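Here is a structure to walk through strand by strand.

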Amino acid sequence: MSQNIEDYQKRRYEVGGWVGAANPFPGTPAVRFLDTTLGGGFYARMPWPYIFYTEVGGGYSVFLSRSERSLTVMPLYAALVYKIPIEMPIQFFLKGGGGEAYVVARPADTARWDPMLYGGMEASFIAGRRIRIGIRVDYNKVMESNLNMPPQYTYPLASPYDDPRLLNPNAYKLQNADFFYFGLVVGVLL
């Protein structure tokens, strides 16, 4: 019992980053339009509350397509992290939380913050005493469908500078977008 208390008191703060593949989730409408790309991000983890860690982080990825369309996604999240208590050199973490994603859609240049659900898993080991190396899988569900339609689509106002291909309310459909990230992670224990 005292060994578990000592392990609990040895938990430390951590900051780090990751880089890897950013993908539209298979089987969703986004996979028909967007290609896999390279993404990256950062995180900070602290040992609180009780047996959990609290992690905050963010990322950046630009999804291109075979057409002129592209989507820039910058998620910011907060999550509770549970370290699975298995006695091995490799440590496993399960994560769940939420946040906001700043989404920029091109060529329409719509940019806004959308609510987001976050889930993830990490498998890593501590190299030396201060460096954590591992892999992580993150899942982001950007929820647009609970938002109202942007004002430029609700009022029938026209300007000579408007492109009618981009301002067609019949073609504008709100839908949720799902992304997953698979990356290499490097962290520093403080």
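The paragraphs below go from the strands to the salt bridges and then to the cavity.

This is a predicted model, in which local features need pLDDT of at least 70 and side-chain atom pairs count only at pLDDT 80 or more, while totals for chains, interfaces and linings use all residues. Residues are numbered from 1 along each chain as its sequence is written, and side-chain values use heavy atoms, with hydrogens and water left out.

Begin with the fold. Eight strands close into a barrel, in the order S1-S2-S3-S4-S5-S6-S7-S8, and the pairing is antiparallel. From one strand to the next, the twist averages 25 degrees. Strands here are DSSP runs of E with at least two residues, numbered from the N terminus. Two strands pair if DSSP finds at least two bridges between them.

Now take the pairs in turn. Strand S1 (residues 14–24) and strand S2 (residues 37–46) share nine bridges in the antiparallel sense. Here glutamate 14 has arginine 45 of S2 as its bridge partner. S2 then pairs with S3 over eight bridges, also antiparallel. Arginine 45 has glutamate 55 in S3 as its bridge partner. The S2–S3 hairpin has five residues between its strands, and tyrosine 50 in the turn has a positive phi of about 45 degrees.

S3 and S4 come next, antiparallel over 11 bridges. Glycine 58 stands opposite leucine 76 in S4. S4 and S5 pair over 15 bridges in the antiparallel sense, with proline 75 opposite alanine 101 in S5. The hairpin from S4 to S5 runs through six residues.

Methionine 88 sits in that S4–S5 loop. Its relative accessible area is 43%, so methionine 88 is partly exposed. On this scale buried means under 20% relative accessible area and exposed over 50%, with partly exposed in between (1.4 Å probe, protein chains only). The C-alpha atoms of methionine 88 and phenylalanine 125 are separated by 9.1 Å, though the two residues are 37 apart along the chain. Strand S5 (residues 91–106) and strand S6 (residues 110–127) pair over 15 antiparallel bridges. There, lysine 95 stands opposite glycine 120 in S6.

Next, the charges. Side chains of opposite charge can pair when their charged atoms come close. A salt bridge here is a side-chain nitrogen of Lys or Arg within 4 Å of a carboxyl oxygen of Asp or Glu. The structure holds 10 of these salt bridges.

Which residue meets glutamate 55 in a salt bridge? The partner is arginine 136, at 3.5 Å from N to O. This pair links distant parts of the chain, with glutamate 55 in strand S3 and arginine 136 in strand S7, 81 residues apart. Glutamate 55 counts as buried because its relative accessible area is 0%. Arginine 136 is also buried, at 1% relative accessibility. Arginine 136 forms a salt bridge with aspartate 138 as well, the closest N and O atoms being 2.9 Å apart. Both of these residues are buried.

Lysine 141 and aspartate 178 form another salt bridge, at 3.2 Å from N to O. Lysine 141 lies in strand S7 and aspartate 178 in strand S8 (residues 177–189), 37 residues apart. Lysine 141 is partly exposed at 22%, whereas aspartate 178 is buried at 8%. Shared partners also join Glu14, Arg45, Glu55, Lys95, Glu122, Arg132, Arg136 and Asp138 into one salt-bridge network.

A cavity is a set of points, on a 1 Å grid over the protein atoms alone, where a 1.4 Å probe fits but cannot get out; lining residues have an atom within 4 Å of a point. Grid points are joined across faces, edges and corners, and a volume is the space filled by probe spheres set on the points. The count is one cavity of 30 Å³ or more. The largest cavity has a volume of about 60 Å³. Its lining is Trp18, Gly58, Gly59, Pro75, Tyr77, Tyr118, Arg136, Asp138, Asn140 and Tyr181. S7 gives the most to this lining, with three residues.

Notes: On a 1 Å grid over the protein atoms alone, a cavity is a set of points where a 1.4 Å probe fits but cannot get out, and a pocket is an open set with protein on both sides within 12 Å along at least five of seven lines; lining residues have an atom within 4 Å of a point. Helices (H or I, at least four residues) and strands (E, at least two) are DSSP runs, numbered from the N terminus. Axes are lines fitted to C-alpha atoms, for helices over the stretch in contact, and angles run from 0 to 180 degrees between N-to-C directions.
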